[in-house]
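Let's get to know this structure together, one question at a time.

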Amino acid sequence: MGKKTTHKFKAEVSQLLDILVHSLYTNKEIFLRELVSNASDALEKVRFKAQSDGADDIAPEIRISADPETKTVTITDTGIGMTRDELMRNIGTIAHSGTAELARLAEEGKESLDALIGRFGVGFYSVYMVADEVSVTTRSIEEDAKTMVWTSDGRTDYKLQELDDDRPHGTEIVVSLKEDLADQFTNEAHLKTIINKHSNFISFPILVGDKRVNTIQALWREPKFQITSEQYAEFYKFLTYDSEDPFDTLHTSVDAPVQFNALMFVPPSGDDPFGMGRENRGLDLYVRRVLIEKQNKNLLPEYLGFMKGVVDTEDLPLNISRETLQDNILMRKISSTLVKQVYNHLEKLSKDDADRYNEFWRIHGELFKAGYMDFLNKDKFGKLVRFNSSASDDAKGLTSFAEYISRAREEQKEIYYAYGPSREALGLSPHLEVFRKKGIEVLYLFEPIDEFVMDSLREFDGYTLVAAEHADVSKLDQFESLEKEEKPEALNEEQQSTLDKLIARFKDVLGESVTEVKASSRLSESPVCLANPDGQFTSSMDKIMRVMHK
Ligand code: ADP
Ligand code: MG
């Protein structure tokens with residue numbers, strides 16, 4: 001056995017350890033996540049090395065055992081191990097540039113420790129949230145490497161000792177638990193729960209008391225062509241607790257401008273998007289198979305909240321905290337790429353199988369419509385919205401702007417729409433009489449949000465979106481009627497004077513409740529209708545505005 005040497009921590013490290021030891025940080029269980037992912041990294045390195053040097057016959061695995069007697073948890077891996085130098089460099093100094101910053105900020109004491117530790121990653125050192133003492137026994141895969149033992153109580157120094165044994169390469173970390181945490185973290189069932197929560201998708205077997213805990217494959221990391229639709233469905237159900245198969249699956253792997261894998265699903269039914277469902281959205285974010293945040297709310301905008309799934313990136317540090325995620329450039333890049341992919345996927349679906357796309361629309365369209373606020377993707381969004389229309393067979397029918405245009409009159413440069421409570425009501429609306437007479441299609445809007453969609457899009461493919469009730473009727477004159485039209489003869493003097501009197505009477509009776517009463521050529525069957533002054537809100541929009549400004 002070699003002689004024991006004592007080494008001081010770098011200044012920042014001891015400060016940091018001090019912070020951790022005295023922190024009231026509640027999420028102490030993440031120490032296990034950190035140690036397991038380090039073990040996984042170490043196994044990954046062996047796998048990588050084996051590609052050039054050939055594999056050895058040591059099975060890659062991570063073992064976790066607990067002993068209530070000695071109040072210890074032990075994490076063992078058959079990974080790459082560390083040489084004496086590596087041990088000093090990696091465990092004895094600051095692993096992240098962030099840790100020095102953390103120590104400095106903690107010193108200044110402007111923020112609570114809890115918030116600080118949440119904001120900065122701490123990796124290996126997080127073990128001192130639960131430990132009185134830690135020993136790391138490791139043997140590097142390098143030839144002639146000696147087994148090294150590192151021990152520290154996490155205060156000011158650590159001890160190094162060489163061990164003369166012939167164990168295989170790998171690392172064993174013995175965590176001597178703090179008195180008050182010993183019960184909790186020597187309970188195997190509890191350890192399994194923690195592993196399942198944070199480390200379920202680690203690709204190497206994790207064994208707790210000889211039983212494998214992580215059994216679900218990180219499907220998103222596998223090549224697409226190797227995955228069956230049954231596997232996708234199984235994974236979807238595991239992820240969402242849904243009992244049905246997904247409606248659609250979107251699996252991608254991206255290398256630039258940022259590396260990530262994503263496996264997303266369109267569920268077969270929608271959450272109530274404006275009730276409870278609102279919170280139940282977001283993709284699970286993983287960094288190298290380790291769960292960082294469930295249902296992250298920044299990866300996809302709210303209106304794409306129907307998408308369920310997983311994103312895994314190599315490019316973020318494992319220890320990134322939620323606060324940092326929110327304004328992280330990488331996250332923004334991942335997000336904009338994801339949004340693009342969802343759009344492309346939906347557009348492809350709409351082209352390949354319009355019926356299926358319409359089915360999607362019926363399930364998730366209500367939420368998706370809120371995408372009218374996403375100005376960056378306005379053009380793509382415009383291609384994907386659907387409406388019922390006077391040309392549909394029934395209230396379930398859906399049409400796109402492009403389909404409307406394909407049916408439009410040759411000279412027509414506008415797309416007309418009208419809002420109403422139902423298809424029946426719109427079918428009778430006096431505002432639409434002239435459109436019916438001339439056989440000009442009108443999109444039917446049944447939801448208040450539809451009008452916001454029209455208002456923000458304003459046009460599609462050179463066609464202006466126009467509320468039928470505001471349409472310049474003279475523009476419609478150029479179109480021939482479907483039925484033989486009897487041109488009304490010009491009024492004679494007597495008729496004109498009767499009409500003037502009638503209008504005067506109307507004004508008299510209605511007084512201030514209207515701004516204007518005028519004769520119109522818009523109507524052919526109804527004697528009279530209510531209209532808005534041009535350029536104002538449509539009547540339904542007006543109602544909404546009034547409610548909002550109450
Ligand atoms: P990070 O994992 O982000 O690099 P950590 O503080 O978790 O930071 O770990 C610091 C370093 O210690 C790792 O990069 C690795 O080189 C080394 N290390 C930690 N645990 C192990 C292990 N089980 N096997 C081999 N090396 C390890
Ligand atoms: Mg780590």
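Q: Where is Tyr 241 found?
A: Tyr 241 is in the loop between α8 (229–240) and β10. Helices (H or I, at least four residues) and strands (E, at least two) are DSSP runs, numbered from the N terminus. A word on the source: this is a predicted model, in which local features need pLDDT of at least 70, side-chain atom pairs count only at pLDDT 80 or more, and totals for chains, interfaces and linings use all residues. Residues are numbered from 1 along each chain as its sequence is written, while chains are lettered from A and ligands numbered from 1 in the order in which they are written.

Q: Why does Tyr 241 count as exposed?
A: A residue is buried if 20 or more other C-beta atoms lie within 10 Å of its own, exposed if 12 or fewer, and partly exposed in between, with C-beta atoms placed from the backbone. Tyr 241 has 6 C-beta neighbours inside 10 Å, so it counts as exposed. Its phi is near 65 degrees, a positive value in a residue other than glycine.

Q: What makes Arg 458 exposed?
A: Arg 458 has 11 other C-beta atoms within 10 Å, and therefore is exposed. Arg 458 sits in the loop between α16 (448–457) and β18 (459–460). Although not a glycine, Arg 458 has a positive phi of about 65 degrees.

Q: How do you know whether Asp 144 is buried or exposed?
A: Count the other C-beta atoms within 10 Å: Asp 144 has 6, so it is exposed. Its place is in the loop between β4 (131–139) and β5 (147–152). Asp 144 and Thr 83 are 61 residues apart in sequence and 9.9 Å apart in space, C-alpha to C-alpha.

Q: Why is strand β12 described as largely enclosed by the rest of the structure?
A: Because 5 of the 5 residues of β12 (residues 283–287) are buried. Both faces are covered, with Leu 283, Leu 285 and Val 287 on one side and Asp 284 and Tyr 286 on the other.

Q: What makes β12 and β13 paired strands?
A: Two strands pair if DSSP finds at least two bridges between them. Here 4 bridges join β12 to β13, and the two run antiparallel. Leu 283 stands opposite Asn 296 in β13. The two strands form a hairpin with 2 residues between them, and Arg 288 in the turn has a positive phi of about 45 degrees.

Q: In what sense do β12 and β14 pair?
A: They pair in the parallel sense, over 4 bridges. The bridge partner of Asp 284 in β14 is Val 310.

Q: Why are β10 and β13 said to stand at the edges of their sheet?
A: The open sheet has 5 strands in the order β10-β11-β14-β12-β13, and its pairing is mixed. β10 (248–254) and β13 (290–296) each have a single partner strand, so one side of each is left without a neighbour in the sheet. The partner of β10 is β11 (residues 260–266), in the antiparallel sense over 7 bridges. Along this pairing, Thr 252 stands opposite Ala 262 in β11.

Q: What makes a set of residues a nonpolar core, and which residues have the most contacts inside the largest one?
A: A nonpolar core is a set of buried Ala, Val, Leu, Ile, Met, Phe, Trp, Tyr and Cys residues joined through C-beta atoms within 7 Å. The largest has 112 residues, and Tyr 417, Ala 418 and Val 442 have the most contacts inside it. The largest share of this core, 8 residues, comes from α2. In soluble globular proteins, nonpolar side chains tend to be buried together.

Q: Which residues does Tyr 417 touch?
A: Two residues are in contact if their C-beta atoms, placed from the backbone, lie within 7 Å. Not counting residues up to four places away in sequence, Tyr 417 touches several residues, including Val 442, Leu 443 and Met 454.
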